[in-house]
Amino acid sequence: TPWGYTQGMGLFRSHKEANFLKAYEELSDAIFRHVYYRLLDRHKARDLMQEAFTRVWHALEGGKRIENMKAFLYTVTNLLIIDDVRKKHPTPFTDIQREDEEGEQSFDPASTAHIDIFMNAEAKHALEKSLELLDGPYRDIIVMRFVDDMTPKEIAQATGERENTVSVRLHRAIQKMRAVEEGEKSNNNLI
């Protein structure tokens, strides 16, 4: 309606408030899961999810025009996670190394054959255990792809990386998770 009245929501100040509330309803659980599987701490996940939405609201109130709310929310959330991790474990700048993945062989990101890793009765426990063993960038990409159900293109938008880089990192993360899973099976057979 022209006056911004929607049954159940009451009178709201503007179109941006309606869009924000819609984004909160649609994405708050996904943002919470995203933070939880990256930090494995429920309380911290809830706090950072709320902080992400608060910062997005302040950005909207400050006049920021947001083209892709989902990508913007994940970007804000990822920055909050990085800040939280840095507070716990400060890393000297010289220790940060970026891998050049130019020319690396890619794979079909639309393929669902690799999802079998997550399809057993103890999937949540196995996922958490595997995530603990993965390095940060690999853990992040697995969470975004399989927990948040983001496409490589959406992940690229949220992280500011090229889609091919995301696909290569996703492929490597899956390989590492499979290696961990195979190692556990071998260890269990020895017992």
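Author: Happy to, and let's take helix α2 (residues 42–61). A word on the ground rules: this is a predicted model, in which local features need pLDDT of at least 70 and side-chain atom pairs count only at pLDDT 80 or more, while totals for chains, interfaces and linings use all residues. Residues are numbered from 1 along each chain as its sequence is written, and side-chain values use heavy atoms, with hydrogens and water left out.

Read from the N terminus, the order of elements is β-β-α-α-α-α-α-α-α. Of the 191 residues in the protein chain, 39% are buried. Buried means under 20% relative accessible area, exposed means over 50%, and partly exposed is in between, with a 1.4 Å probe and protein chains only. If you take contacts between residues at least 6 apart in sequence, 69% of them join residues at least 24 apart, where contact means heavy atoms within 4.5 Å.

Now to the helix itself. With its 20 residues, α2 reaches 29 Å from first C-alpha to last, close to the 28 Å expected at 1.5 Å a residue; that expected span is 1.5 Å times one less than the number of residues.

L40 has a positive phi of about 55 degrees, although L40 is not a glycine. For context, most residues other than glycine have a negative phi. L40 counts as partly exposed, because its relative accessible area is 28%. Next along, D41 caps the N-terminal end of α2, with a side-chain oxygen 3.1 Å from the backbone nitrogen of H43. If you then find R42, its charged end sits over the ring of Y36, 5.2 Å from the ring centre. A charge sits over a ring if NZ of Lys or CZ of Arg is within 6 Å of the ring centre and within 35 degrees of the ring normal.

Moving into the helix, its buried residues are A45, L48, M49, A52, F53, V56, W57, A59 and L60. These buried residues pack against α1 (15–39) and α3. By contrast, D47, which also lies in α2, is partly exposed, at 39% relative accessibility. D47 and F32 are 15 residues apart in sequence, and their C-alpha atoms are 9.0 Å apart in space.

For the α3 side, have a look at D84, which lies in helix α3 (residues 69–88). D84 has 8% relative accessibility and therefore counts as buried. Leaving aside neighbours within four places in sequence, D84 is in contact with L39, K44 and L48. D84 and L39 are 45 residues apart in sequence, yet 9.2 Å apart in space, C-alpha to C-alpha.

Rings of Phe, Tyr and Trp (its six-membered ring) pair if their centres lie within 6.5 Å; planes under 30 degrees apart count as stacked, over 60 as edge-to-face and the rest as tilted. By this rule there are five aromatic pairs. One of them is Y24 with F53, an edge-to-face pair at 4.8 Å centre to centre and 70 degrees between the planes. That pair links distant parts of the chain, since Y24 is in helix α1 and F53 in helix α2, 29 residues apart. F53 is buried, with a relative accessible area of 3%, whereas Y24 is partly exposed, at 34%. Another edge-to-face pair is Y36 with Y37, whose ring centres are 5.2 Å apart and whose planes are at 80 degrees. Both Y36 and Y37 are buried. Going back to Y24 and F53, they form one aromatic cluster together with F20 and W57.

To finish, step just past the end of α2 to G63, which takes a positive phi of about 95 degrees.

Technical notes. Helices (H or I, at least four residues) and strands (E, at least two) are DSSP runs, numbered from the N terminus. A polar contact is a pair of N or O atoms within 3.5 Å; within protein, one must be able to donate a hydrogen and the other to accept it, and residues adjacent in sequence count only if both atoms are side-chain atoms.
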